[in-house]
Amino acid sequence: MGDCAECRFGDECLGGCPNTRLTTKGSIYSENLFCSFNYKTKDFRKKLFTYMDPDYLSLKACNCLRTGSYQEARLLLERSLELRKKENNKENDKENINREVFILKNIADFLCGNLNYLSLLAFNPEKIQEILKKYNLQKISAYLTEINLGKL
């Protein structure tokens with residue numbers, strides 16, 4: 001539900017104490033406003049709307065992926081894709097970059113626990129490897145290989 005569904009710790013935390021959610025929002029099923037992930041993501045999302053350069057956002061996301069900040073990377077790539085859709089430019093280079101960003105977003109989703117590993121298999125493993133190498137994401141490539149995601 002909500003941010004908990006996107007949080008990589010959501011399955012362990014389960015939204016924190018239900019009493020906190022009940023007393024602050026009136027339901028044990030509501031978002032926990034005191035959750036550090038909830039607080040951090042809402043603030044981060046506000047900042048994202050000040051960025052209008054999708055290439056900058058994609059590069060920043062790759063830095064986040066390198067440092068293990070998968071949730072931030074996912075949000076940056078989501079915003080980058082949103083801006084790219086608005087551009088709606090059909091140049092060949094743009095299409096390739098959009099596909100790369102889409103694949104990176106799916107990798108970030110997977111690393112956050114939001115995407116099943118079998119869903120990643122829909123992409124060509126060689127293409128995934130090529131993109132990870134291009135953006136200097138060898139640790140992620142090694143991890144995906146370790147969990148046997150195709151022949152990376």
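Colleague: In which helix is Q138 found?

Modeller: Helices (H or I, at least four residues) and strands (E, at least two) are DSSP runs, numbered from the N terminus. Q138 is found in helix α10. This is a predicted model, in which local features need pLDDT of at least 70 and side-chain atom pairs count only at pLDDT 80 or more, while totals for chains, interfaces and linings use all residues. Residues are numbered from 1 along each chain as its sequence is written, and side-chain values use heavy atoms, with hydrogens and water left out.

Colleague: How is the accessibility of Q138 classed?

Modeller: Buried means under 20% relative accessible area, exposed over 50%, and partly exposed in between (1.4 Å probe, protein chains only). Q138 has a relative accessibility of 46% and therefore counts as partly exposed. In space, the C-alpha of Q138 is 8.6 Å from that of R66, although 72 residues separate them in sequence.

Colleague: With which side chain does that of Q138 make a polar contact?

Modeller: A polar contact is a pair of N or O atoms within 3.5 Å; within protein, one must be able to donate a hydrogen and the other to accept it, and residues adjacent in sequence count only if both atoms are side-chain atoms. Here the partner is the side chain of N136, at 3.1 Å. N136 lies in the loop between α9 (125-134) and α10 (138-146), and is partly exposed at 42% relative accessibility.

Colleague: What is the phi of N136?

Modeller: Most residues other than glycine have a negative phi. N136 is not a glycine, yet its phi is positive, at about 60 degrees.

Colleague: Which residues have the most contacts inside the largest nonpolar core?

Modeller: A nonpolar core is a set of buried Ala, Val, Leu, Ile, Met, Phe, Trp, Tyr and Cys residues joined through side-chain atoms within 4.5 Å. The largest one in this model has 31 residues, and L65, L104, I107, L137 and I140 have the most contacts inside it. At least two residues of this core come from each of α5 (54-67), α6 (70-87), α7 (92-111), α9 and α10. If residues up to four places away in sequence are set aside, I140 touches L65, Y70, I107, L111 and L132 (contact: heavy atoms within 4.5 Å).

Colleague: How many salt bridges are there?

Modeller: A salt bridge is a side-chain nitrogen of Lys or Arg within 4 Å of a carboxyl oxygen of Asp or Glu. By this rule there are 8. One of them joins the side chains of K47 and D43, at 3.8 Å from N to O; both residues lie in helix α4 (residues 36-48), 4 residues apart, about one turn of the helix. K47 is partly exposed at 49%, as is D43 at 37%.

Colleague: Which parts of the chain do D55 and R84 tie together?

Modeller: The closest N and O atoms of the D55 and R84 salt bridge are 3.0 Å apart. D55 lies in helix α5 and R84 in helix α6, so this pair ties together parts that are 29 residues apart in sequence. R84 counts as buried, at 4% relative accessibility, whereas D55 is partly exposed, at 37%.

The side chains of E100 and K134 also meet in a salt bridge (3.0 Å, N to O). This pair links distant parts of the chain, with E100 in helix α7 and K134 in helix α9, 34 residues apart. E100 counts as buried, at 6% relative accessibility.

Colleague: Which residues form a nonpolar patch on the surface?

Modeller: Patches are made of residues with over 30% relative accessible area and no salt bridge: like charges are joined within 9 Å, nonpolar side chains (Val, Leu, Ile, Met, Phe, Trp, Tyr) within 5 Å. L22, I28 and Y29 form such a nonpolar patch, with about 310 Å² of accessible area together (Shrake-Rupley method with a 1.4 Å probe; for residues, only the protein chains shown count as cover). L22 is in helix α3 (residues 18-25), and is partly exposed at 42%.

Colleague: How many helices and strands does the protein have?

Modeller: The secondary structure comes to 10 helices and 0 strands. Of the 152 residues, 37% are buried. Among contacts with a separation of 6 or more, 61% are between residues 24 or more positions apart. The accessible surface comes to about 9,200 Å², and 54% of it belongs to carbon and sulfur atoms.
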